[in-house]
Amino acid sequence: NRHWGWNEADADWKSTTDLVRLLVDVVSKGGNLLLNVGPRADGTFPPRAVERLAGVGRWMKAHGEAIHGTSASPFDVLAWGRCTMKRKGADSVLYLHVFERPADGRLVLPGLGNEVRSAGWLAGPRNPLPVRREGSDVVIDLPPTLPDPIASVLTLGIEGEPIVYRAPEIVAESDIFVRPLEVRLESRSPGLEIRYTLDGSEPTTSSPRCEGPIHIEDTMLVRTRAFHR
């Protein structure tokens with residue numbers, strides 16, 4: 001509830017759904033969740049606490065693989081839920097924790113650059129789910145109903161380490177200068193190649209590749225783009 005110990009007057013108990021989703025949220029950010037349960041004066045746990053612990057236990061029994069031994073999500077924000085991941089040899093498994101089914105039934109993974117090997121429910125129907133690529137995104141078509149009301153977990157097997165497309169950053173001490181200025185182009189995603197132009201044109205695969213800081217002495221427009229393969 002809202003206290004660190006037993007408080008008979010505190011009836012504001014978090015639901016099992018709240019607790020499971022809090023656990024998923026913390027783990028998806030690379031953290032551990034310490035869940036405190038305050039015993040009563042006689043050492044027993046309140047029945048409402050026991051009920052919620054049992055609910056968390058039931059969910060973990062079916063979905064613990066998506067929590068134990070996982071790493072933080074490679075994505076910044078996912079509107080429909082959270083993601084955890086594990087490396088499996090040379091490849092990876094993304095555990096997609098779906099809190100709310102998108103109205104159009106399309107589960108979108110923005111900017112996922114890897115080839116997809118498989119998609120299906122961790123605990124639920126074993127039928128593979130249809131997956132397709134739309135531009136730089138991977139889209140999974142969901143059935144009309146989800147298998148778990150708290151958090152349905154979908155496993156997505158991908159080739160290699162996750163690569164998520166993000167625009168590179170242009171970093172400099174200032175955008176106005178008198179003396180020569182050093183400009184750095186920094187990738188926000190591993191596995192991407194940065195190319196740039198200094199005349200304001202759109203960077204292409206034939207543009208110079210970033211190998212280190214750029215030293216500029218005159219006014220110019222620096223543009224950069226990340227490329228995959």
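**Reading the cores, a helix and a pocket**

Colleague: In this predicted model, which residues have the most contacts inside the largest nonpolar core?

Modeller: In soluble globular proteins, nonpolar side chains tend to be buried together. Here the largest nonpolar core has 21 residues, and those with the most contacts inside it are Leu-94, Leu-96, Leu-109, Leu-154 and Leu-156. The elements that each give two or more residues to this core are β1 (81–88), β2 (91–98), β3 (106–109), β4 (116–121), β6 (137–141) and β7 (152–158). A second, separate core of 17 residues includes Val-20, Val-56, Trp-59 and Ile-150.

Colleague: Which residues of α2 are buried, and where do they lie around the axis?

Modeller: An α-helix has 3.6 residues a turn, so residues three or four places apart point the same way. In α2, the buried residues are Ala-49, Arg-52, Gly-55, Val-56, Trp-59, Met-60 and His-63; because they cover an arc of only 135° around the axis, they lie on the same side of α2. The face turned away from that buried side carries the exposed residues Pro-47, Glu-51, Arg-58 and Lys-61, whereas what covers the buried residues includes α1 (16–28), β2 and β7.

Colleague: Which element gives the largest share of the lining of the largest pocket?

Modeller: That share, three residues, comes from α2. The pocket, with a volume of about 430 Å³, is lined by 20 residues, of which Asn-1, His-3, Lys-14, Leu-35 and Asn-36 lie nearest its centre.

Terms used: Residues are numbered from 1 along each chain as its sequence is written. This is a predicted model: local features need pLDDT of at least 70, side-chain atom pairs count only at pLDDT 80 or more; totals for chains, interfaces and linings use all residues. Side-chain values use heavy atoms; hydrogens and water are left out. A nonpolar core is a set of buried Ala, Val, Leu, Ile, Met, Phe, Trp, Tyr and Cys residues joined through side-chain atoms within 4.5 Å. Buried means under 20% relative accessible area, exposed over 50%, partly exposed in between (1.4 Å probe, protein chains only). Helices (H or I, at least four residues) and strands (E, at least two) are DSSP runs, numbered from the N terminus. The arc is that of the directions from the helix axis to the C-beta atoms. Contact means heavy atoms within 4.5 Å. On a 1 Å grid over the protein atoms alone, a cavity is a set of points where a 1.4 Å probe fits but cannot get out, and a pocket is an open set with protein on both sides within 12 Å along at least five of seven lines; lining residues have an atom within 4 Å of a point. Grid points are joined across faces, edges and corners, and a volume is the space filled by probe spheres set on the points.
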